[in-house]
Amino acid sequence: MLLLQGDGTQGFQNKDIISILNERFLLVEVDISRQKDLKEDYRINYTPTSLFLDIRGKPIIDVKGYIPTKRFRKLLRYVGENHYKTTAFSDFEKE
């Protein structure tokens, strides 16, 4: 899984989150003011944006704005454990 960060201001401080990211994701930080092709291809017009892509580069989910740690952890589980293939994130969040 690939996570594109739409802006470099949202750092990851939580060791648990960092561990999950290192285990299951390739993290790419994108400066959309310089990489306009990615901005256009993935329709990123707001920062920060967290965009999750599958191995073929197809978007799985994108979340705009700051994501609280608890919700971000749930989002990582949703994508990393392939729940996105069978469940909408809004439903997964309620679990």
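**Charged pairs and aromatic rings: a quick tour**

Okay, let's start with R71, which is partly exposed, at a relative accessible area of 32%. Before I go on, keep in mind that this is a predicted model. So who does R71 pair with? The R71 side chain forms a salt bridge with the side chain of E93, 2.5 Å from N to O. R71 is in helix α3 and E93 is in helix α4, residues 89–94, so this pair ties together parts 22 residues apart in sequence. E93 is partly exposed too, with 29% relative accessibility.

How many salt bridges does the structure hold? Five. I'll walk you through a couple of others.

Next up is R73, whose side chain meets that of D16 in a salt bridge, at 2.6 Å from N to O. Here the two partners are 57 residues apart, with R73 in helix α3, residues 69–80, and D16 in helix α1, residues 15–24, so the pair links distant parts of the chain. R73 comes out partly exposed at 27%, and D16 is partly exposed as well, at 36% relative accessibility.

Then there's R77, which forms a salt bridge with E81; their closest N and O atoms are 3.5 Å apart. That still counts, because the cut-off is 4 Å. R77 has a relative accessible area of 36%, which makes it partly exposed, and E81 is partly exposed at 36%.

Now for the rings. The structure has three aromatic pairs. One of them is F25 with F52, an edge-to-face pair with 5.7 Å between centres and 70° between planes. F25 sits in the loop between α1 and β2, while F52 belongs to strand β3, residues 49–53, so the pair ties together parts 27 residues apart in sequence. Buried or exposed, these two, F25 and F52? Both F25 and F52 are buried.

Y78 and F92 also pair up: their ring centres are 5.3 Å apart and their planes are at 50°, so this pair is tilted. Y78 is in helix α3 and F92 in helix α4, 14 residues apart, and the pair links distant parts of the chain. Y78 is buried, at 5% relative accessible area, and F92 is buried at 2%.

Which residues form one aromatic cluster? Y78 and F92, together with F89.

Last stop, and it brings charge and rings together: K74 has its charged end over the ring of F92, 5.9 Å from the ring centre. So F92 is one to click on when you open the model, since it pairs with Y78 in that tilted arrangement and has K74 sitting over its ring.

Terms used. Residues are numbered from 1 along each chain as its sequence is written. This is a predicted model: local features need pLDDT of at least 70, side-chain atom pairs count only at pLDDT 80 or more; totals for chains, interfaces and linings use all residues. Side-chain values use heavy atoms; hydrogens and water are left out. Helices (H or I, at least four residues) and strands (E, at least two) are DSSP runs, numbered from the N terminus. Buried means under 20% relative accessible area, exposed over 50%, partly exposed in between (1.4 Å probe, protein chains only). Rings of Phe, Tyr and Trp (its six-membered ring) pair if their centres lie within 6.5 Å; planes under 30 degrees apart count as stacked, over 60 as edge-to-face and the rest as tilted. A charge sits over a ring if NZ of Lys or CZ of Arg is within 6 Å of the ring centre and within 35 degrees of the ring normal.
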